[in-house]
Amino acid sequence: MISLMRYQLLNYARSYQYVPPFSIFVLCLVVNYTFTPHPILDSFSLTSIMLFFLMGWFTLILFHTEDEGQKTITCFHTNGSGRYHISLFTIGILIALSLSLVSIIYPTVIQAFAKTPSLTQLLLGFLAHFCLAILGMALSALFTRELVNSKQNTWWGVLSILLLTLVLATVKDSILQIKGLIWLLPPLHLSLEIMNSGDQLKIIPSHFYWRFLWIVVYASFIIYLFFLLSRLKRK
């Protein structure tokens, strides 16, 4: 698995296709923190949503770095597509982890906030970025070529599902009127609610951790659904 991941990472790096989304990520961070000071959690909430969308782009590039022929050869040497896709998701998680750390370290280092963020605020910021990045990756994977034949539909599908998830998070109160529906929808709103707690928060309530955990569990279920649907498609 390590050799496969090393190969995938080198292949991904040599493609340079990650440059546009990474450049936009850096540009958004720089522009967002140009004028200071900023509120801490509100700023982290904004950049976590940005990362949520950009992870969709990173995911599509990661899953489409190899052409179909090369992918078939790689899957043959790895004894099936299962290990192949596990390595891609693992790399995606590493990208999400790296960008999440940069998102909270950069504004802290340049002192973009009115006061130095506490460990509690930094932890909340990291969890918000990382959990939403994983959620964005999972949702976007459903529209990669493994499940969607048309490249055009792939890009439109990813953009549509991410935008729809954000819209649903803003109309959560209306959705709550339909019993049980809120549990079926992507839980982006949970992160937004947490990050709206205000900078006066001293400790992290235990239910915050459960909310972040549910985002990861939901994303994990979507990834499981990806493997299930891709297996059905191959039959």
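Tyr16 sits in the loop that separates helix H1 (2-15) from helix H2 (19-32); helices here are DSSP runs of H or I with at least four residues, strands are runs of E with at least two, and both are numbered from the N terminus. Although Tyr16 is not a glycine, its phi is positive, about 60 degrees. The residue counts as exposed, at 57% relative accessibility. In this text buried means under 20% relative accessible area, exposed means over 50%, and partly exposed lies in between, with a 1.4 Å probe and protein chains only.

The model is predicted: local features need pLDDT of at least 70 and side-chain atom pairs count only at pLDDT 80 or more, while totals for chains, interfaces and linings use all residues. Residues are numbered from 1 along each chain as its sequence is written, and side-chain values use heavy atoms, with hydrogens and water left out.

The protein chain has ten helices and zero strands. Of its 235 residues, 46% are buried. Contacts (heavy atoms within 4.5 Å) between residues at least 6 apart in sequence join residues at least 24 apart in 80% of cases. The chain exposes about 12,200 Å², and 69% of this comes from carbon and sulfur atoms; accessible areas come from the Shrake-Rupley method with a 1.4 Å probe, and for residues only the protein chains shown count as cover.

Confidence is given by pLDDT, the predictor's value for each residue on a scale from 0 to 100. The mean for the protein chain is 84, and 89% of its residues reach 70 or more. Where pLDDT is low, the predicted coordinates should not be read in detail.

Helix H3 (residues 40-63) has 24 residues and reaches 34 Å from its first C-alpha to its last, close to the expected 34 Å at 1.5 Å a residue. The expected span is 1.5 Å times one less than the number of residues in the helix. H3 is mostly covered, with 20 of its 24 residues buried.

Ser103 is in H5 and is buried, with a relative accessible area of 0%. Leaving out residues up to four places away in sequence, Ser103 touches Phe25, Leu29, Tyr33, Phe44 and His129.

A nonpolar surface patch of about 490 Å² is formed by Leu94, Leu97, Leu101, Ile105, Val109 and Ile110. Patches are built from residues with over 30% relative accessible area and no salt bridge, where like charges are joined within 9 Å and nonpolar side chains (Val, Leu, Ile, Met, Phe, Trp, Tyr) within 5 Å. Ile110 belongs to the loop between helix H5 (81-109) and helix H6 (119-141), and is partly exposed at a relative accessible area of 36%. Gln111 is in the loop between H5 and H6 as well. Its phi is near 55 degrees, a positive value in a residue other than glycine, and Gln111 is exposed, with a relative accessible area of 65%.

What is the accessibility class of Thr144, buried or exposed? Thr144, in the loop between H6 and H7, counts as buried at 0% relative accessibility. The C-alpha atoms of Thr144 and His64 are separated by 7.7 Å, although the two residues are 80 apart along the chain. Helix H7 (residues 151-170) holds Leu159, which is partly exposed at 39% relative accessibility. Leu159 and Ser140 are 19 residues apart in sequence and 8.4 Å apart in space, C-alpha to C-alpha.

Side chains of opposite charge can pair when their charged atoms come close. A salt bridge is a side-chain nitrogen of Lys or Arg within 4 Å of a carboxyl oxygen of Asp or Glu, and by this rule the count is one. The side chains of Arg211 and Glu193 form a salt bridge, at 3.1 Å from N to O. Arg211 is in helix H10 (residues 206-234) and Glu193 in helix H9 (residues 188-195), so the pair ties together parts 18 residues apart in sequence. Arg211 is partly exposed, with a relative accessible area of 26%, and Glu193 is partly exposed at 27% relative accessibility.
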